[in-house]
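The terms are given with their cut-offs where they come up.

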Amino acid sequence: VHGQSSLLGSARSAKCYDCHGSHQILPPDDPASTLSTKNVVQTCGQCHEGAHRQFAGYLTHATHHDPAKYPWLFWTFWGMTALLIGTLAVALVHTAAWLVRLWLSREEWKGHKAAVQPKEGQKLYRRFDRYQRMQHLVMLISFFALAITGMTLKFSYTDWAQWLSGVIDFDAMSLLHRVGAVVLFVIFVVHLVYLRRKKQRMGWSWKEMLAGPDSIVFNKNDFKEAGQAVKWFFGRGPRPRFGRYTYWEKFDYLAVFWGVAVIGLTGLMRWFPEAFTHVVPGWFINVAAIIHSDEALLAVGFIFTIHFFNTHFRPDKVPMDPVIFTGRISLEELKYDKPREYERMVESGELEQHLVEPFPEGVERASRVFGFIALGVGLLLIAAIVYSMIWAYA
């Protein structure tokens, strides 16, 4: 990480001479070396206040290429690589099959897409309340801050990363990354409190909360609908009759919990290594760095490709579905996209309670502009990542 931050212009990052000295550079096994067992803690302590013996076990120059010397790093890297490739491969096959089915059934959804535009004076169905929309907005902004600054550090060897760090300033990017992390942690905790209060307000048990018709947690019906969707992709059955949340929406939700837990914990280890190495050995910070970096790459790659397609770039939704910003859709769209939710609302007599006036035209236009900007930034970052991984070494 010292080398990465130095490439991005950090003046405060440790350089070779900060650890090895400027004159009479000696091998670490020499008692007089600044990195000898006797002196290494003091050397680390020049920059890391609170450095201790276990912290000094961090493997400064270790790589994941040597399974004999660094087996934990080697297997962690390849485990994360398998997870990244496997997840994206399955998701891309799913996306490709879906795209082909939409192309073959375009006569059906083209008519629907034209019919879902609300008529003047027509009320809309509110799918998301203000809290849910604001939560998504705050999470979106913090995720973009984390993605841009994190990928800049990960690909610090590229021209675009060094240019971006020069424009924003590395220290500002470092601060922005940490602020984004804190905001994401806060919104995660606020969401858990919201769920608990909703459970109490509705008088539900945890089973009703997690397995009810409005639940965004996976249940056996989602696996059934996923199987039906695959059959539909290949023309072997009808399109599933989805309820409030589809299986891919639930997967996105689960991924947030997984991401906050894995990326968040390993990020805290990198942020406060002196504290965490009182509990874990110093080399575990190297493992945490690999997990943090590759899990973040998976999150960015998935959100800015698969999630963007599922939500906005499907032919029956393109150029954008603004529902997460406005919270509103027409009844025709609800009947087509979420038929079981529509039927349940009608049967329970709750439909009228969810009908609201459309957003003011100016507000809706502003939300679309913001959405398009976010989509554009996400696609630019994906292009930069692909360039970095394929051509930047040339």
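A residue is called buried under 20% relative accessible area, exposed over 50%, and partly exposed in between, with a 1.4 Å probe and protein chains only. The model is predicted, so local features need pLDDT of at least 70 and side-chain atom pairs count only at pLDDT 80 or more, while totals for chains, interfaces and linings use all residues. Residues are numbered from 1 along each chain as its sequence is written, and side-chain values use heavy atoms, with hydrogens and water left out.

**Overall make-up**

- The protein has 17 helices and three strands; these are DSSP runs numbered from the N terminus, helices being H or I with at least four residues and strands E with at least two.
- Of its 394 residues, 43% count as buried.
- Along the principal axes, the C-alpha atoms fill a box of roughly 80 × 50 × 45 Å.

**Salt bridges**

- The count of salt bridges is 17, each one a side-chain nitrogen of Lys or Arg within 4 Å of a carboxyl oxygen of Asp or Glu.
- Asp294 pairs with Lys154 in a salt bridge whose closest N and O atoms are 3.1 Å apart. Asp294 belongs to helix H13 (residues 283-313) and Lys154 to helix H6, so this pair ties together parts that are 140 residues apart in sequence. Both ends are buried: Asp294 has 9% relative accessibility and Lys154 has 18%.
- Glu249 forms a salt bridge with Lys338, with 3.0 Å between the closest N and O atoms. Glu249 is in helix H11 and Lys338 is in the loop between helix H15 (331-337) and helix H16 (339-348), so the pair ties together parts that are 89 residues apart in sequence. Glu249 is partly exposed at 23% relative accessibility, whereas Lys338 is buried at 6%.
- Glu361 and Arg365 form a salt bridge with the closest N and O atoms 2.8 Å apart. The two residues are four apart in helix H17 (residues 361-390), which means that about one helical turn separates them. Glu361 is exposed at 60% relative accessibility, and Arg365 is partly exposed at 47%.
- A network of salt bridges links Arg239, Lys317, Asp321, Glu333 and Asp337.

**Cavity**

- A cavity is a set of points, on a 1 Å grid over the protein atoms alone, where a 1.4 Å probe fits but cannot get out; lining residues have an atom within 4 Å of a point.
- There is one cavity of 30 Å³ or more, and the largest cavity has a volume of about 50 Å³, taken as the space filled by probe spheres set on grid points joined across faces, edges and corners.
- Its lining consists of Trp98, Ala229, Trp232, Phe233, Arg239, Pro240, Phe242, Tyr247 and Trp248. Helix H10 (220-233) and helix H11 (247-271) are the elements that give two or more residues to this lining, and H10 has the largest share with three.
- Eight lining residues are nonpolar, none is polar and one is charged. Here Ala, Val, Leu, Ile, Met, Phe, Trp, Tyr, Cys and Pro count as nonpolar, Asp, Glu, Lys and Arg as charged, and the others, Gly among them, as polar.

**Surface patch**

- Met134, Val138, Leu175, Val179 and Val183 make up a nonpolar patch on the surface, with about 380 Å² of accessible area together. Patch residues have over 30% relative accessible area and no salt bridge, with nonpolar side chains (Val, Leu, Ile, Met, Phe, Trp, Tyr) joined within 5 Å and like charges within 9 Å; accessible areas come from the Shrake-Rupley method with a 1.4 Å probe, and for residues only the protein chains shown count as cover.
- Helix H6 (130-154) and helix H8 (170-202) each supply at least two patch residues, and H8 gives the largest share, three.
- Val179, found in helix H8, is partly exposed with a relative accessible area of 41%.

Conventions
On a 1 Å grid over the protein atoms alone, a cavity is a set of points where a 1.4 Å probe fits but cannot get out, and a pocket is an open set with protein on both sides within 12 Å along at least five of seven lines; lining residues have an atom within 4 Å of a point.
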